[in-house]
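Please have the sequence and the model in view while reading.

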Amino acid sequence: DKVHEFNRIKNSTKPVLPEPEVFTAGEMTRILKATPDLGERAILLTAFHTGARPSEVCGVRWEHVNFKKTQAHPNGSLFINGSKTRLSKGSIPMTSALATTLRELHLSQGRPRKGVLFFSRLGPRKSYTGVLVRACKRAGVVKPRIFAYLTRHSAATLLTVAYGARVAASILRHSSPAMVQ
């Protein structure tokens, strides 16, 4: 029996964090309205409206934005180049608000054909937790914990309520609807 000594702690339990308190649709609207910077508003809108993982949001590139309207995607789509699972890569339909904001961002950046969408003072964004925390503070939205993944949890909750677990799982690129229930 080759169990390390540090695994033999009697009566120990794995610490469990409480389920995060997700943003409501009204809180998301307040957060977005309290974010005057176009780039910061665009990154939060992308997170809220796609439910993409934070690293996927930060990794969106202009060559992954499709403004062309189709029957399946009437407002265009974003290709998410995720790497977590085989289903992580895929096109996500854009909402009209997201498409409008990304068009505005595209124009403000000189209509680039390629490259990352979201920048900080230091270069391409690696995270948007600070953006989210500041926006929540400006909007008066208080949660026990504010972190970037909260945007994905919130989108999952709203998508599941609006469209059901199967559609929510598809948009979020989960392998099973059980992941959002």
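This is a predicted model: local features need pLDDT of at least 70, side-chain atom pairs count only at pLDDT 80 or more; totals for chains, interfaces and linings use all residues.

Arg-134 belongs to helix α5 and Glu-40 to helix α2 (residues 38-50), so the pair links parts that lie 94 residues apart in sequence.

Glu-40 is buried, because its relative accessible area of 15% is under 20%.

## Glu-21 and Lys-143

Another salt bridge joins the side chains of Glu-21 and Lys-143, at 3.3 Å from N to O. Glu-21 sits in the segment before α1 (25-33), and Lys-143 sits in the loop between α5 (129-139) and α6 (149-163), so this pair ties together parts 122 residues apart in sequence.

Glu-21 is partly exposed, at a relative accessible area of 42%. Lys-143, at 9% relative accessibility, is buried.

## Glu-63 and Arg-61

Glu-63 and Arg-61 also form a salt bridge, and their closest N and O atoms are 2.7 Å apart. Glu-63 is partly exposed, with 39% relative accessibility. Arg-61 is partly exposed as well, with a relative accessible area of 30%.

## A network and the total

Through salt bridges that share partners, Glu-21, Glu-27 and Lys-143 are joined into one network. How many salt bridges does a search of the whole structure find? The search finds 5.

Terms used:
Residues are numbered from 1 along each chain as its sequence is written. Side-chain values use heavy atoms; hydrogens and water are left out. A salt bridge is a side-chain nitrogen of Lys or Arg within 4 Å of a carboxyl oxygen of Asp or Glu. Helices (H or I, at least four residues) and strands (E, at least two) are DSSP runs, numbered from the N terminus. Buried means under 20% relative accessible area, exposed over 50%, partly exposed in between (1.4 Å probe, protein chains only).
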